[in-house]
Amino acid sequence: ELSNPFASNKRRKKILLNPEEKADNTLPDDVLLWSVKSFVDYFADTYKEKTGGYYKKTYSADNSIFTEIGKFFTSNGLQKQEWTKKFIDWCFENQAYIIGKSGYLLPTPLLTLLLNKFIEKANFHMKDAMSEAPSR
């Protein structure tokens, strides 16, 4: 039977030629090889492991958040992949504190928390520097 390929059902599930050959979603051992998508996957995996809950990955939104977190570390002279992973690990180690502050443990409040903590530290150091400055 002849059919028009342009009129085909585009919602039909794609059939794998080899069903044992699925996409490999494992993260590389070297964190320096991770992409932003890897951090979303890592966050979701860690969320499930630490909380027992399921985190629905939304790459379009989560990628931008983890990109901003990476930019923050880069702008402060730190290696972004290494420090983004350390930050995610820190967040799960301190999840009670984060949930107490924001009410939930999701990527959006993590970015806000990171920036607020940085501003608090900067203000503290600024006050320290100003108090040590000679007065006129």
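Here is a walk through this structure, from its overall layout to the residues packed inside.

Let us start with the whole chain, keeping in mind that this is a predicted model. The chain holds five helices and zero strands, so its pattern, read along the sequence, is α-α-α-α-α. Of the 136 residues in the chain, 24% are buried. As for how the chain folds back on itself, take the contacts between residues at least 6 apart in sequence: 48% of them join residues at least 24 apart.

Now step inside. The largest nonpolar core has 24 residues, and Phe43, Phe66, Ile69, Phe87, Ile88 and Leu110 are those with the most contacts inside it. Two or more residues of this core come from each of helix H1 (36-51), helix H2 (59-75), helix H3 (80-93) and helix H5 (107-132). H1 gives the largest share, with six residues.

You will find Phe43 in helix H1, and its relative accessibility of 0% is why it counts as buried, the limit being under 20%. Which residues does Phe43 touch, leaving aside those up to four places away in sequence? The list is Tyr55, Phe66, Ile88, Phe92, Leu105, Leu106, Pro107 and Leu110. Leu106 shows how the fold brings separate parts of the sequence together: Phe43 and Leu106 are 63 residues apart in sequence, while their C-alpha atoms are 9.0 Å apart in space.

Aromatic rings deserve a look of their own. A pair of such rings is described by the distance of the centres and the angle of the planes. The structure holds 12 aromatic pairs. In one of them, the ring centres of Trp34 and Tyr42 are 5.1 Å apart and the planes stand at 50 degrees, so this pair is tilted. Both partners are buried: Trp34 because its relative accessibility is 7%, and Tyr42 because its value is 14%. Phe43 and Phe66 form another tilted pair, with 5.9 Å from centre to centre and 55 degrees between the planes. This second pair links distant parts of the chain, as Phe43 in helix H1 and Phe66 in helix H2 are 23 residues apart. Phe43 and Phe66 are both buried. Ring pairs also join Phe43, Tyr47, Tyr55, Phe66 and Phe92 into a cluster.

Two packed helices are described by the angle between their axes and the distance between the axes. The axes of H2 and H3 come within 9 Å and cross at roughly 115 degrees, and the crossing is right-handed. On the H2 side, the residues that meet H3 are Phe66, Ile69, Gly70, Phe73 and Thr74; their partners in H3 are Lys80, Trp83, Thr84, Phe87 and Ile88.

Thr84 is found in helix H3, and it counts as buried because its relative accessibility is 1%. Not counting residues up to four places away in sequence, Thr84 touches Phe39, Phe66, Ile69, Gly70 and Phe73. The other spot is Trp83: Lys86 lies over the face of this ring, at 4.3 Å from the ring centre.

Note on methods. Residues numbered from 1 in each chain as written. Predicted model: local features only at pLDDT ≥ 70, side-chain atom pairs only at ≥ 80, totals over all residues. Heavy atoms only, no water. Core = buried A, V, L, I, M, F, W, Y, C linked by side-chain atoms within 4.5 Å. Buried < 20%, exposed > 50% of the residue type's maximum accessible area, 1.4 Å probe, protein only. Helix = DSSP H or I, 4+ residues; strand = E, 2+ residues; numbered from the N terminus. Contact = heavy atoms within 4.5 Å. Phe/Tyr/Trp six-rings, centres within 6.5 Å; stacked < 30°, edge-to-face > 60°. Lys NZ or Arg CZ within 6 Å of the ring centre and 35° of its normal. Axes fitted to C-alpha atoms, helices over the stretch in contact; angles between N-to-C directions. Left-handed = near helix turned anticlockwise from the far one by under 90°.
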